[in-house]
Amino acid sequence: VLLQIFDAFKPCLHDSNSKVTQVALEALLGMIPLLKDSLAPVINMLIPAIVDNNLNSKNPAIYAAATNVIQALCQHLDTSLLLQPFCTKAQFLSGKAKQDLTEKLA
């Protein structure tokens, strides 16, 4: 069921309407402390959706929301769940997104 929910939710994280993306990131921020490690089955789908456009966004609200989501993931999930997806994304990012994710890995 969780996989189906996040399959439907994922497109909101990179919607062409920045307000939809921002609200989706803020909603995810609220979900993370509640779901914690039960997010494990969807983490490989979520990390790219969070990072790809949002961590390099020129919109300061979206960038801040994405940064907060990454921080919440680090606080509330077993970090071993995040290591591989963060490493994979960091290899192919550029700009401040690469710097932010590399700092989280360190």
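Tutor: Read along the sequence, this predicted model follows the pattern α-α-α-α-α-α, and its secondary structure comes to six helices and zero strands.

Student: What makes the protein as compact as a globular protein of its length?

Tutor: The radius of gyration is 13 Å, and the globule rule gives 13 Å for 106 residues, so the protein is as compact as a globular protein of that length. Along the principal axes, the C-alpha atoms fill a box of roughly 35 × 30 × 20 Å.

Student: Why is the pair formed by phenylalanine 6 and phenylalanine 9 called edge-to-face?

Tutor: The structure holds one aromatic pair. The ring centres of phenylalanine 6 and phenylalanine 9 are 5.8 Å apart, and rings pair if their centres lie within 6.5 Å; the angle between the planes is 85°, and because planes over 60 degrees apart count as edge-to-face, the pair takes that name. Both residues belong to helix H1 (residues 2-9), where being three residues apart separates them by about one helical turn.

Student: How do you know whether phenylalanine 6 and phenylalanine 9 are buried or exposed?

Tutor: Buried means under 20% relative accessible area; phenylalanine 6 has 2% and phenylalanine 9 has 14%, so each of them counts as buried. Of the 106 residues of the protein, 35% count as buried.

Student: What makes lysine 96 a charge that sits over the ring of tyrosine 63?

Tutor: The charged end of lysine 96 is 4.0 Å from the centre of the tyrosine 63 ring, against a limit of within 6 Å; a charge must also lie within 35 degrees of the ring normal, and lysine 96 is listed as sitting over the ring.

Methods. Residues are numbered from 1 along each chain as its sequence is written. This is a predicted model: local features need pLDDT of at least 70, side-chain atom pairs count only at pLDDT 80 or more; totals for chains, interfaces and linings use all residues. Side-chain values use heavy atoms; hydrogens and water are left out. Rings of Phe, Tyr and Trp (its six-membered ring) pair if their centres lie within 6.5 Å; planes under 30 degrees apart count as stacked, over 60 as edge-to-face and the rest as tilted. Helices (H or I, at least four residues) and strands (E, at least two) are DSSP runs, numbered from the N terminus. Buried means under 20% relative accessible area, exposed over 50%, partly exposed in between (1.4 Å probe, protein chains only). The radius of gyration is taken over C-alpha atoms; the globule rule is 2.2 Å times the number of residues to the power 0.38.
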